Amino acid sequence: MYRTSADRRFQKNQALIRRAFLDLAKEKDFQKITVADITRRANINRMTFYSHYDTVDDIFTEFVDGMEQELRSGLSQDPDMSLDRFFHQMNELMFREEEFFRATANSDRGSMLRNRFRHVIKELFRTAYEAKTTLSTEQQTIRADLNSAMIAYAYFDWLLGKMGSASLDTVLGELKTMLRSQGDFS
């Protein structure tokens with residue numbers, strides 16, 4: 001479990017711990033990152049670590065929860081789901097920590113992270129579909145599920161290099177074309 005606080009010193013130490021974890025995750029497998037590695041990198045003591053987190057896994061969970069909240073918050077203001085805005089928000093989140101996402105995609109945590117983002121994307125698409133009266137609830141569910149899977153896999157497959165030499169812009173361009181061809185998005 002991770003803890004939160006409005007205290008600035010707490011937040012500063014938490015940011016140091018998170019940065020140390022993200023940097024270490026680019027260098028070695030998640031399973032091999034220890035509390036000692038993090039405290040050494042963050043230049044803090046073990047008690048400081050344990051006042052913020054119970055385990056190293058909690059840092060990953062907190063990071064993913066934060067990214068999920070940021071994505072929801074950024075897109076909740078656009079109930080019609082502009083595809084350009086959606087992909088812009090997704091790209092901003094990913095490119096902020098691209099090396100971390102690449103390392104994660106190649107690790108045992110990759111499928112967990114992809115599934116978390118797929119779930120969020122599905123909910124966002126479902127909300128956008130609810131605003132459209134032409135689709136039945138069943139159609140909304142099916143389209144939201146299929147589209148979220150397609151998007152999540154496209155990002156992670158691109159990170160893993162499974163799209164050949166295609167740029168992310170090329171991959172996303174194809175995704176937008178496919179999504180727009182359904183007639184649900186402009």
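The model is predicted: local features need pLDDT of at least 70, side-chain atom pairs count only at pLDDT 80 or more, and totals for chains, interfaces and linings use all residues. Residues are numbered from 1 along each chain as its sequence is written, and side-chain values use heavy atoms, without hydrogens and water.

**Exercise 1. Describe the aromatic pairs formed by Phe-100 with Phe-60 and Phe-63.**

Step 1. A pair of aromatic rings is described by the distance of the centres and the angle of the planes. Rings of Phe, Tyr and Trp (its six-membered ring) pair if their centres lie within 6.5 Å; planes under 30 degrees apart count as stacked, over 60 as edge-to-face and the rest as tilted.

Step 2. This rule gives 16 aromatic pairs. For Phe-60 and Phe-100 the ring centres are 6.2 Å apart and the planes stand at 45 degrees, so the pair is tilted. This pair links distant parts of the chain, with Phe-60 in helix α4 (residues 56–76) and Phe-100 in helix α6, 40 residues apart. Phe-60 and Phe-100 are both buried.

Step 3. For Phe-63 and Phe-100 the centres are 4.7 Å apart and the planes at 75 degrees, so the pair is edge-to-face. Phe-63 lies in helix α4 and Phe-100 in helix α6, so parts 37 residues apart in sequence are tied together.

Step 4. The relative accessible area is 8% for Phe-63, which is buried, and 0% for Phe-100, also buried.

Step 5. One aromatic cluster is formed by Phe-21, Phe-30, Phe-60, Phe-63, Phe-100, Phe-101 and Phe-117.

**Exercise 2. Characterise the lining of the largest cavity.**

Step 1. A cavity is a set of points on a 1 Å grid over the protein atoms alone where a 1.4 Å probe fits but cannot get out; lining residues have an atom within 4 Å of a point. The whole structure has one cavity of 30 Å³ or more.

Step 2. The volume of the largest cavity is about 120 Å³, taken as the space filled by probe spheres set on grid points joined across faces, edges and corners.

Step 3. Residues lining the largest cavity include Met-67, Phe-101, Phe-117 and Phe-156. At least two lining residues come from each of α5 (83–96), α7 (110–130) and α8 (137–159), and α8 has the largest share, four residues.

Step 4. The lining has 11 nonpolar, no polar and no charged residues. Ala, Val, Leu, Ile, Met, Phe, Trp, Tyr, Cys and Pro count as nonpolar, Asp, Glu, Lys and Arg as charged, and the others, Gly among them, as polar.

Note on methods. 1 Å grid on protein atoms, 1.4 Å probe; cavity = no way out; pocket = protein on both sides within 12 Å on 5 of 7 lines; lining within 4 Å. Buried < 20%, exposed > 50% of the residue type's maximum accessible area, 1.4 Å probe, protein only.
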